[in-house]
Each structure stands twice: as structure tokens, then as C-alpha cells.
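Good morning. Please have a look at the model on the screen, and then we will walk through it.

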Amino acid sequence: MNSSSDSTFPPRTPPPVAMREPGFAALRRYGRICAALWRNSVVREMSFKANFLLWIFVELLWFALQLSFIAVIYGHTERIATWSKWEVVLLLGASQLIQQVFAALFLSNCTQLSEYVRTGRLDFLLLLPANTRFLVSFRQVDLGAFANAAAGVAVMAYALRQLHLTPTLGQMAGFLPLCAAGILIHYSLMFLLATVCFWTVRAQGIVWSYYNLFNLARLPDAAFQPGWFKAVFTFVLPMLLVANVPVKHLAALPRTPWESAVLLTLALLCFAASEGAWHASVRHYTSASS
Amino acid sequence: MKYWHVLQVGIQNTLVYRVNFFFRASFGLIPLMATIYLWRAIYASNPGKGDVAGYSLAAMTAYYLLATVVDALTAVAEDDWQIAADIKDGQISHILLKPMDYLAYRLSLFAAGRLVYTAAALLPVGTFLLAQHESFVLPASLPTFALFACSTLLTALLQFLLSYTMALLAFWVLEVSTFIFIVFAFEYIAGGHLFPLDILPPALAQALNFTPFPYQLYFPVSVYLGRVTGAALWRGLLVQVIWVLVMFVLARLVWRRGIRHYSAVGG
């Protein structure tokens, strides 16, 4: 059948569902793509079961190490600025939750980007009929990191008990979107930095160096005197907001009223910046050696 | 001398990574600053107390600054990954054919890597030390500094031998990175990266002295700061030498077992 015969079919069928409800259908389509990607990723990961379990252990060990650091420090002081011991433990748990959910969904995807560019595999991804950034960002999922996120939640629950706090439904409802904003900030900044690989092949080193900064998120913000350091890590790379703000909301700790708004606004700004960098980078992209 | 050539070639090869090293050293300063701020807040929260386990705020700051310097001079960066990769990809076959000892060969490359890293880190770390100069103390005397230099050299050897031995596990297991990270975790806390070990409860600090970890960072820093002197200092140096020898023998043993187990991939 040739294309000119199209005009000989006058009864026009209603446009497919995808055209009428772009939002909903697209969501379902991308949900299915994501499920397929994750299924592949999990199958691949499960072929190295011992390694999978060992990595969970390694991450738990590092988490325990941070907890013991707090235990040692609070052997010598009652408070760090306004923060008591169990409040800081709560913060550490929340920061673990946020960082591990980020790691589960995005970390390896962000660090892999430079490999796609270096090897030219990005060509293949660009040709697929789906949003390339989506494909790049959701290619792999790390189930082990979810286990470590659960460890973070367990520590938070214990810290809340020690503080004799039972968060209200409202506090929980505020905590979760603020955590999501924190994850979005982590992801957007990491992705933004990963796009540097379109210009230099050595981006992976920079990305890993940057990942170390995530550790700032577990420190109580009140420990930092106002100054350029605090300003940079609050408003430019908001590491001091991503875990602090959700925790202060959850445990009703003293807080400045604008913090939540700043966190949410910065999350959107960071995402917009990473989207801009991504588009500029893809336009700059000229495949590898092919 | 052939290993001198390895060193020179190693320097040339590692120079490729100088930008990476520069970034790593610069980014590394940010957690360091955060730690210093954290301790400032702790001292400010306890105005009456003055010091923590014998550390004034300035001494505590000096500890972390010195730890950064010793770490730059002695830490193993890529060597263990490279050794494991050599074994996994069968690259060591080439080296086995040459009249070279693999341990000496890797040690030369490690030295080259540290030289280049130190040179690349000199600008960011040096600038930072200058900015913190009121906390950065000079060693008490020239002999103290000489002993510190000896101890730092032993620390570097210990770091290298431990990483070398861990990487040799690649003869038996496919993925050594988890094991390397587990050991690194212990080294990180028990070596004094997170905090000076003598702020721990005394019993715990004593127990740690029976492990090699304090000699991987904490000991040379304490020598420099004059926190360990006299007989204790000499005893510490002796223990450090013993650990280096123990690790050397272990590395040789593991290598011998490993090479017997080894069958070149695709070779």
C-alpha cells in the first residue's frame, strides 16, 4: 500500500490514545521502558550474587563507621552547636537514606555517561525512539543501595525513639517530598557534572571527586559559621540543605522558615541547569571514531 | 639500575593524570575544611573545657592538616586497581617474562605515582596550609622532623605492601574491589583519618596499637606533633618496621601461592 492511498480513506479514525492524553500515555510508556531497563539491570546484577551481597556489606560498614565517629565525638561534647547526639544520628540516617536512594537510581548511570561518550555507544541510545536523557538516567538500578537505604531508615527510627519523638502524619508528609527534592538535587548536579565528559574524556575522575562532597550532607548545618563556605554549600551546591532540611522538618527542630522553600526552588533550578547542560552537550556531540 | 628506569617511565605515564590529581587534591580539601569547622563548633559549644583529650583547637586542626599531608605522600591511589587488572587481564605474563621482580616494579610505579601526586597537590594543599598557618605548627626540633620523615617512609611502605597483598587476591577472586574497600574502611577509622586515635577511650586506643592500622597514618602524624616522644617513639618506630617486614613476607608468600595458581587468560 502506498502513501497516496491514505487520502482514499475518508472516515478518519479518532487519534490514538497517545495523542489525546499525551501526559498519561507517555507516563505509561516510560514506565514500561523503565521496568524493562531495570529488569535487565537486575538480571545482570544477580549473576554475581556474592559480589552483590559483599557490596551491601561494604556500604553498611561505611555507614557504621560514620555512626561510630558520632559516638566518639559525643564522648567529648554534649552538643555540636544546637544539635544533640541523637539528632545528629537522625541526620546521618536521613542522609544515608537520601544518598542511597540516589545511588540506587542514578549513581552508576551518571558515572557511566562518560563511557557512552568515549565508546560512541551514545549514538545507539540517541537513535532509540525515546527521550535519551531518560534512557541514560534509568539504564541501571542498584538494588543493594535500596537495602542500605533501609538501614538508614532503621537508624532514623531508632534515633527518633531515643529522642522520644513520634512524627505526625503532617511531618511525614513534609519529610518525603523534601527528601525527594534532595535526591533531585544530587542527581541534577551529578548529571550536570557528568556532561563535562562531552568535552573531556577524563570526566569520570571529576565526577568521583565530586561524589565525596555528598559527605557534607550528613553534617549538622548549625556547625558552620556564616561565611562563604556555608553560603556556597547552601545556595550553590546545597549539600547542607539536602538532608538537614528534611530532618529539621521531621523532628521539628528549630529552623528558619525559608529553608524548605529554598530547597525546593534549588531542586528545580538544578534540574533546569542540568537539562540545559545536557542539551548543549548533545548538540556538541560528534560521536567517537565512527 | 633498571627500577630507576621504571620510576622514570612511571612518572611520565602518571603525568597524564596530573589534572585528575589536581582536582582530587582540591576536592579533598572541602571535607577537610568541613571537619575543621565541625571541630570549631564543638570547641565553641564547650567554652569552659578548653581541650579535648589533650588537644586544643589549634592542635586538633594541626592534626587534620598533617594527616592530609601524610596521606598525600603515602596513600595508595590507583596501584591496587592496576595490579588487580594486570592479573585479571593476564598482563602480568609480560612482566613475568622480563628480568624484573613484580613487587619492586610496582613499588617503583607507586613511588612515581606519589611523586606526581604530591607535585600536583602542592598548589591546592600548600595554599590551604598557608591560609591555616596559625594552626600549622612546625616540628619541635630537627631530629623530630627526621624521625617523622622516617616514619612517613615506613607508612608509605606499609600502605603499599598492604594494598599490593590485597590486590593479589585477584589471583583467586574475580572482583577484589569489595575486599579492598573493606580493608580501607578499617584503615580509615583505625588509622586516624576520621579523628586522632587518642581521643578514643584508652582501652580501645591501646587495642588498636596491636593492629597495623595506626601505623598507616596516625603514628607519623603524632611523631610530627610531638605527641609521642622518647622511648614510646622508638618503640613505635620499631613496631612500624616489624609491620613492614611482616607485610613484606606476607606479600611474597601470597605472590608465590598466587603465581602457582595463575594461568594466563588467553595466553
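Where is A:Val136 found? It is in helix 6 of chain A, residues 132–137. Helices here are DSSP runs of H or I, at least four residues long, and strands are runs of E, at least two long, all numbered from the N terminus.

A word on ground rules. Residues are numbered from 1 along each chain as its sequence is written, while chains are lettered from A and ligands numbered from 1 in the order written. This is a predicted model, where local features need pLDDT of at least 70, side-chain atom pairs count only at pLDDT 80 or more, and totals for chains, interfaces and linings use all residues.

Back to A:Val136. Is it buried or exposed? A:Val136 is buried, because 20 other C-beta atoms lie within 10 Å. The cut-offs: 20 or more is buried, 12 or fewer is exposed, and in between is partly exposed, with C-beta atoms placed from the backbone. Beyond four places in sequence, A:Val136 contacts A:Asn109, A:Leu113, A:Tyr116 and A:Leu125. A contact means C-beta atoms, placed from the backbone, within 7 Å.

Next, confidence. pLDDT is the predictor's confidence in each residue, from 0 to 100. Chain A averages 86, and 90% of its residues score at least 70. Helix 7 of chain A (143–162) is highest, at a mean of 95, and helix 1 (17–20) is lowest, at 47. Residues 1–10 of chain A stay under 50, with zero contacts beyond four places in sequence.

Now the core. The largest nonpolar core has 134 residues. Such a core is a set of buried Ala, Val, Leu, Ile, Met, Phe, Trp, Tyr and Cys residues joined through C-beta atoms within 7 Å. A:Ile98, A:Phe102, B:Leu158 and B:Leu161 have the most contacts inside this core. Helix 4 of chain A (85–119) gives the most to the core, 19 residues. Leaving aside neighbours within four places, the contacts of A:Ile98 include A:Cys179 and A:Val242.

Where the chains meet, 29 residues come from chain A and 28 from chain B. Helix 2 of chain B supplies the largest share of the chain B side, 14 residues.

Last, chain B itself. How many helices and strands does chain B have? There are 11 helices and zero strands. Buried residues make up 39% of its 267 residues. Its C-alpha trace spans about 70 × 40 × 35 Å along the principal axes. Thank you.

How values were computed: Contact = placed C-beta atoms within 7 Å.
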